[in-house]
Amino acid sequence: MPFNTRIASFLLLFAIIISATTAFLSNGATNKSSSSSLIQQHSRSKQQLEEEEVPQHELKKRMHNFRTLSQLRGSNPHLLTKVLSQTIPPLTSQSHKGSSGRIGILGGSEKYTGAPYYAAMSALRTGADLATVFCAQEACVAIKSYSPELMVNGVYSAYKMQSLEESVREEEKRRMVTSVVDSLGGLHVLVIGPGLGRNPAVLDATALIIEKARDEGVSMILDADALYLLSLEKYHYLLCGKTHDKEKEQTSPRGVCVLTPNVVEYKRLLDNVAKGSEELFQKSLLPGVILVRKGHHDVIESFEGNGYNQKESSTIMTCEEKGGLKRSGGIGDILSGCIGTFVAWNRILQNKEVEHDVLLSCWMATCLTKRATKVAFEKRRRSMTAPDVLEEIGDVVDEIAASTIIEEDV
C-alpha cells in the first residue's frame, strides 16, 4: 500500500475514534446532569415537605432569622409564600379603593413641607391606595403642589399656635385635635412626626391625638419630632403608660406603636426616659410598642407585657440589607411611610382574620427601603436625593412580592 494511502487511512481511523469518544463522554455528562437535576428536585421537594411539617412556633422562628431580602428570595418557596402571606394582602380583581391601605401623615409645618410629602409618597409607592397629610394651613399649598396624589388637610394655623393669648392657642389646639381624631376611623395607620416642628402648642395637641388614636386602636408610626415629643418629661406617660396626674396607668393599646429612632434620637429617649439605661427603658415601654432602631444594620424589636415595668420578653429581627452610601435628607421620612403601609397591611390582614406578623412587616419595610436606596445610589451616585429613592421603591417591592398580585383571566 502506498505511503500516502496508509497515512490517509490512519487519519480516518483516528477521526472515527475521537468522534466516538466525544459522543460517549457527552452522553455520560448528559446523564450525569439529568441525575443531578433529579437529585436537586428530590432535595427541594424533601426540604419543602420538611418545612410544611415543622411546628408553627419553629416556622415563625425561622422567618424571624432572615437578615436580607436575598436570604428571603433564596429560601424554600413554602417559607417565602408564608412570609408574604403574613405581611402583604393580595391584590385581586376584588380589590377596591382603600382596600390596600389608607394612610394618614400628621406633620408638615410652615418651615418643613418636604418631610410629610416624602412619607406620604413613600406609602403610596410601597402600595397603599390613599394618603392624607394633616398639616399646618401655612404648609398646605406647598405640599399640594408637590403631587396631586396627596390629600392635604390644614388642621391648624401656625400663626394662632404662636399667639401670645392662651385662649387663642387653646382653641386652635382643640381644632387640631378634633380635625385629626374625626378622621381616624377612615385610616388604617397614622404616621406622626415628619416635618411636625416643635411648637409647644402643636406638641400638646399631638400628644392628645396620640392618646385618642391609641384609645381607638389605631396603629401609629412615631418618627422625627414625635420622638422628640416622647423624650419630654410631660409626655413620658404616652410611652410608659402613666397619665398626667400619675394616679392610674394606661391600659394596653389595641393598635401597635412603632418608634423609628436614629442613633441620636434613641440616645435622647434613653437619657430622658430611663436615665441612659437601655434595660430600664425597655421595661418601661407599653405593650404593643415596636422599636425600629435605624443604623448601619436596622434592629427591629417588639416587647410583650401588661403595663409599666412589666416587660416579659422581646423578639428581635435585624435588617442587614445593604443600602446606598449617600445619606440624603428625607430617607428617614421615606422609611416611615414604607413602614406605615406595611403596618396598615398588617391591620388589613388582622381584620380579615388572616395570620399576620407585624414584626416581620417592619423588617420587610426596612429591607425594602435600604434596597431602594442602594438601587438609586448605583444610578445616581453622589447626586442621589430622596426623590430618586422614591422612584425605585415600587420596582423593589414588586421584585420580592410579584406573586401577591393575582391577575385573573377574564
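Lys 82 is found in helix α4 (residues 77-85). Helices (H or I, at least four residues) and strands (E, at least two) are DSSP runs, numbered from the N terminus. This is a predicted model, in which local features need pLDDT of at least 70 and side-chain atom pairs count only at pLDDT 80 or more, while totals for chains, interfaces and linings use all residues. Residues are numbered from 1 along each chain as its sequence is written, and side-chain values use heavy atoms, with hydrogens and water left out.

**Lys 82**

- Lys 82 counts as buried because its relative accessibility is 19%; buried means under 20% relative accessible area, exposed over 50%, and partly exposed in between (1.4 Å probe, protein chains only).
- Between Lys 82 and Glu 355 lie 273 residues in sequence, but their C-alpha atoms are 9.5 Å apart in space.

**Strands β2 and β3**

- Strand β2 (residues 130-136) and strand β3 (residues 151-156) run parallel and are joined by five bridges; two strands pair if DSSP finds at least two bridges between them.
- Opposite Thr 132 stands Met 151 in β3.
- Together with helix α6 (residues 137-146), β2 and β3 make a right-handed β-α-β unit. A crossover is right-handed if, with the strands pointing away from the viewer, the path from the first strand over the helix to the second runs clockwise.

**Helix packing**

- Helix α5 (residues 114-126) and helix α14 (residues 331-351) have axes that come within 7 Å and cross at roughly 40 degrees. This makes α5 oblique to α14; angles under 35 degrees count as roughly parallel, over 145 as roughly antiparallel, 65 to 115 as roughly perpendicular and the rest as oblique.
- Axes are lines fitted to C-alpha atoms, for helices over the stretch in contact, and angles run from 0 to 180 degrees between N-to-C directions.
- α5 and α14 cross in a right-handed way; a crossing is left-handed if the near helix is turned anticlockwise from the far one by less than a right angle, and right-handed if clockwise.
- Helix α15 (residues 358-380) packs against helix α16 (residues 386-401) at about 125 degrees, with the axes 8 Å apart. α15 and α16 are therefore oblique to each other, and their crossing is right-handed.

**Cysteines**

- The count of disulfides is zero, a disulfide being a pair of cysteine sulfur atoms within 2.5 Å.
- The closest cysteine sulfur to that of Cys 319 is in Cys 367, 3.3 Å away, which is too far for a bond.
- Cys 338 is in no disulfide either, as the nearest cysteine sulfur, in Cys 362, is 9.9 Å away.
- Cys 319 is buried, at 0% relative accessible area, and Cys 338 counts as buried at 1% relative accessibility.
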